[in-house]
Amino acid sequence: MATNDGTESDKVSESQNCANPNDGFDKKCIFCKIVTKQMDTELLHNDEEISCFRDIKPGAPHHYLVVPTRHVGNCKSLRKEHLPLVEKMVEMGKTILQNNGITDLDDIRLGFHWPPFCSVTHLHLHVLAPASQMGLMSRLFYRLNSYWFVTADQLIQHLNSLTEAS
């Protein structure tokens with residue numbers, strides 16, 4: 001997994017990302033616009049904590065994005081207190097797949113692009129299925145054990161190590 005050297009510039013807090021840190025939304029962020037229904041995107045799930053919608057450039061027959069409803073920076077900015085959020089995002093991703101007829105949870109890919117390889121700085125989990133049907137470019141873009149893509153399990157393990165270190 002890519003590592004964070006811990007420099008202050010790498011630590012992007014929620015309030016630094018938000019145009020108005022009191023409301024938890026970044027007015028310039030496309031994902032904030034989607035979850036606040038300012039864009040015409042179908043929300044498959046939307047509550048106070050997490051939201052889910054289809055990726056506009058699907059890398060697999062089923063490709064969803066699970067995001068925090070309030071703006072949270074990319075995965076490099078996460079701290080140990082974000083662990084429950086990431087775990088809920090993973091559970092929601094699996095639930096969305098099951099709701100859409102995906103029963104083989106061994107043939108899925110759940111993960112995050114590691115900065116600077118993410119196009120949107122709002123934390124988002126890629127949920128792809130079936131992984132066996134991903135094309136060549138998707139297999140590269142969402143490649144396991146790469147510098148640019150970390151699995152949800154790897155990120156959870158990283159956050160757990162932060163918890164154990166303190």
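# A walk around the sheet

Start by selecting strands β1 and β2 (residues 50–54): three bridges join the two, which run antiparallel. Strands here are DSSP runs of E, at least two residues long, and helices are runs of H or I, at least four residues long, both numbered from the N terminus. Two strands count as paired if DSSP finds at least two bridges between them. Strands of a sheet pair through backbone hydrogen bonds, either parallel or antiparallel. Now click on Asn-46 and look across to β2, where Ser-51 stands opposite.

A word about what is on your screen: this is a predicted model, in which local features need pLDDT of at least 70 and side-chain atom pairs count only at pLDDT 80 or more, while totals for chains, interfaces and linings use all residues. Residues are numbered from 1 along each chain as its sequence is written, and side-chain values use heavy atoms, with hydrogens and water left out.

Contact means heavy atoms within 4.5 Å.

Move on to Thr-151 in strand β6. Is Thr-151 buried or exposed? With a relative accessible area of 17%, Thr-151 is buried (buried means under 20%, exposed over 50%, partly exposed in between, with a 1.4 Å probe and protein chains only). Beyond its neighbours within four places in sequence, Thr-151 is in contact with Leu-110, Gly-111 and Leu-144.

Step back to Ser-146, in the loop between α4 (136–141) and β6. Ser-146 is buried too, at 8%, and a polar atom of its side chain lies 3.2 Å from the backbone nitrogen of Phe-149.

Finally, select the cysteines. With a disulfide taken as a pair of cysteine sulfur atoms within 2.5 Å, the count comes to zero. Cys-29 is in no disulfide, as the nearest cysteine sulfur, in Cys-32, is 3.9 Å away. The sulfur of Cys-75 is 6.4 Å from the closest cysteine sulfur, in Cys-118, which is too far for a bond.

Note on methods. A polar contact is a pair of N or O atoms within 3.5 Å; within protein, one must be able to donate a hydrogen and the other to accept it, and residues adjacent in sequence count only if both atoms are side-chain atoms.
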